[in-house]
Structure formats: C-alpha cells, structure tokens
Amino acid sequence: MLESAILDCQSFVFNKLLPQWAKHGLNQKQGYSYESLNLDWSINAIGRVRLLTQCRQLYTLSHASLLQKDKALQSKLKLLFDFIIRQYFIDGRWIFSLNDDLSPQKTESDTYALAFVMLSFSSYYQFSQDQRALDYIEKTHHFLTHEMSANNGGFYESYPLDIGQTRRQNPHMHLLEGYIAAFKVTQKETYKQTIQSLLTLSQTHFYDEKTKTLREFFHHDWQLHSEKGSQIEPGHHFEWVWLLFQANQIIPHSDHTDLAQSLWITATRHGMASNGGIYNQIDAETYQPLDKEKRIWPITEYIKAITVMPIGLEEKKHRLDAALSFMLQHYLLDDGGWNEYLDKDNIPKDYPLPGTSSYHIFLGLIEVLRWSEAQGIVKNAP
C-alpha cells in the first residue's frame, strides 16, 4: 500500500539515513563531510574532498533542519558552513577540491559545484538567517556572470576557461535549481533573469524537437557532440520535469510545462526497465538502452517528477507505490545505507556510499512526503 511505503521511506530518511551520515559521514571536529563511506560506515578515503560534496550535505542537513527539530543535526550546520567558506573560497572564487589532509588540490572553479553553492547556501540561510550565506551567493553569481558566461549562451564548465571544452546540459540544470532557490530567499531580479536565460537555453539547445529528448553533450558552439551527442539520461529528463514546474511558479509560461510534458513522455516510455527501475542511459535516436544498470538517483528524480506532473491521482498513486516499493526492496538498507548501483537484473553492486547521493535520496522522498500530506495520505509529515 502507498501509505505504508511512504511511512517506511519517511522513517528511513529521518530515523536512519540522516542520523547515520551525521554520525559517521561528518568529521566531528571540523564538520566537513567525507567524500565516501564504505557500506559498514567506515571512511572510504579516495584522495579528494570536493566542494560539491560539502554543499550537497549542507543543503540536505539544512533542509532537514527546516522540517524537523533535531538539535543533534542542527548543531552540525554552522561548523560545516564555516568549513566550506574557510577552505574552498580562495582569492575571490571557489576551488574544486581538497586533498585528504585538507590542503588545496584542484583549484579550478567548477560550474556544477557553484550551482550547489547557490542551492545549499540558500537553504542554510533559510535555517540560520546568516547574512554571510546571501553575501556568498551574490559573490558566486557575480563570478559566474562576469567570468564564466559564454557569448553564445550558458556558462563554461570550469575556470580558468577552456572555450574548446565539451559543454553539458547538466551543470546548467543544477544552476537552474540553484538560482530558483536563491531567488526564493532573496527575490532578486538578477537571479530571476538568470532563471529565464537558463530556461531559454533548455528550449534552444538542450531539447531536441525531432526526438523529444534532452541532449547531454555538445561542442563549444552548442552543436551536438560528434561522439557523445546521442547519449541521454532518463534521470535528467525527470529532474528537468520537476525543475520546470518549480521555475514555472516564478516565470509562468506554457512553454515550460509543455517541455516538461514532452520530457516526461519520452522518459517514461523509453527509460524505464521492464523489471523495475530507471536505466542509466539510453540512445536518443533509437531509444534503446546504452547502460542497463540502475544507479539510485534516477528513480529519486522519477518520484519527484510524479509529484508535479498533471496526471490523474490514481496514476500518481500507482506510479509512486511501484517506485517506492522498488526502492525499499532494492535500494534502501535497514541501517540507513543504500545500494548505489543495481545491475540490469536488479542485483546490487558492491559499491561504497558517495557523499553526494543522500541529496538525491532525501529530496526525492521529501517531495513525496510533501505531496502526500497535501493529499491527506500521510498526516503530519515533516
């Protein structure tokens, strides 16, 4: 039953996942998140500590703290926030990663990571009202627009710039997410303008009208990448669906919801495996799977998309019940961990826990809880 599956997922997030990562995944002295943990919750040192990982953890813990008063969890936030700004903001910009000893490692500024600065600092500000978070959001916006924007639209992947690099939709998708969050807490018109530019980019370059697909890889001039241009990810289709409906609340236009509808149709028709779960990758021209394995994040994006799509209530319930039951059976573990990858036969792969994945798990399940409370299915959800 759907209600039972939702309650089990709620318990997993708040009673298992978050407490376990706070206990094992955060350095108790300095507050930062480890990059990876083994399935027994021991540290899996991989030689880097990324800004991206810190920001995803800051977002997740901040959002959770807005929903549920957990003093043990809330006490971690300021330490993590202070660590991020102290260790990664150097000479007026954000660096990519640290070594395991916390010395600077890769010093380029990464657009994908900057998107999560915008998102996590917005969420942290909502919880803490710490003005520094808004100041750093503005500094990040200024750097992106003045140092990393491209004349032919969008942003380059990294700074210092390499204008010949492969360009991707994925960093832009997360920039849209980050700017939506930043606009909601500030109402700054400049952030709204960037949201509009990213929406325009999605229509003019990312979406392929002929195949009804969201393309991933491009050359510097936004032409489809000659080698990887047909590789697409159903999970990103679902992620865009949810984001397009969020953006539509700020800049209402039928183009946004029409695009969401088209991406939903393609991903549900061609991206879902007959034995459950979401394929990692399919071909945009043939719609055949290129990677039949199933990482956890695509199904969390699918359940988010279900909550916003204008489909019938019974279909929503059916899809959510099937997806949540699949997650509980194949992905979510009793001790708060998860299976990061399944093979094509839904057999879990032996793979450690990335510090970036709890963001997907948390947000996907929280959106289901929010929706279910609005429908009266689950009462008093966080």
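Biologist: Leaving aside neighbours within four places in sequence, which residues is Phe 121 in contact with?

Modeller: In this predicted model, Phe 121 is in contact with Leu 58, Phe 81, Ile 84, Ile 85, Trp 94, Phe 116, Ala 133, Tyr 136 and Ile 137. The largest nonpolar core has 120 residues, and Phe 121 is among those that touch the most other members, together with Trp 94, Ile 195, Leu 324 and Leu 365. A second, separate core has 5 residues, including Ile 232, Tyr 279, Ile 282 and Ala 284.

Biologist: Why is Leu 17 called buried?

Modeller: Leu 17 has a relative accessible area of 1%, and buried means under 20%. Leu 17 is therefore buried.

Biologist: Where is Leu 17 placed, and which residues is Leu 17 in contact with, apart from neighbours within four places in sequence?

Modeller: Leu 17 lies in helix H1, residues 2-25. Its contacts of that kind are Phe 12, Gly 336, Trp 338, Ser 358 and Ile 361. The C-alpha atom of Leu 17 is also separated by 6.4 Å from that of Gly 337, although the two are 320 residues apart along the chain.

Biologist: Why are H6 and H8 called oblique to each other?

Modeller: The axes of H6 (residues 131-148) and H8 (residues 189-206) cross at roughly 45° and come within 12 Å. Roughly parallel requires an angle under 35 degrees, and roughly perpendicular requires 65 to 115. The pair is therefore oblique. The crossing is left-handed.

Biologist: Which residues make the contact of H6 with H8?

Modeller: H6 contributes Ile 137, Glu 138 and His 141, while H8 contributes Thr 190, Tyr 191 and Thr 194. These residues divide into 2 nonpolar, 3 polar and 1 charged.

Key. Residues are numbered from 1 along each chain as its sequence is written. This is a predicted model: local features need pLDDT of at least 70, side-chain atom pairs count only at pLDDT 80 or more; totals for chains, interfaces and linings use all residues. Side-chain values use heavy atoms; hydrogens and water are left out. A nonpolar core is a set of buried Ala, Val, Leu, Ile, Met, Phe, Trp, Tyr and Cys residues joined through side-chain atoms within 4.5 Å. Buried means under 20% relative accessible area, exposed over 50%, partly exposed in between (1.4 Å probe, protein chains only). Contact means heavy atoms within 4.5 Å. Axes are lines fitted to C-alpha atoms, for helices over the stretch in contact, and angles run from 0 to 180 degrees between N-to-C directions. Helices (H or I, at least four residues) and strands (E, at least two) are DSSP runs, numbered from the N terminus. Angles under 35 degrees count as roughly parallel, over 145 as roughly antiparallel, 65 to 115 as roughly perpendicular and the rest as oblique. A crossing is left-handed if the near helix is turned anticlockwise from the far one by less than a right angle, and right-handed if clockwise. Ala, Val, Leu, Ile, Met, Phe, Trp, Tyr, Cys and Pro count as nonpolar, Asp, Glu, Lys and Arg as charged, and the others, Gly among them, as polar.
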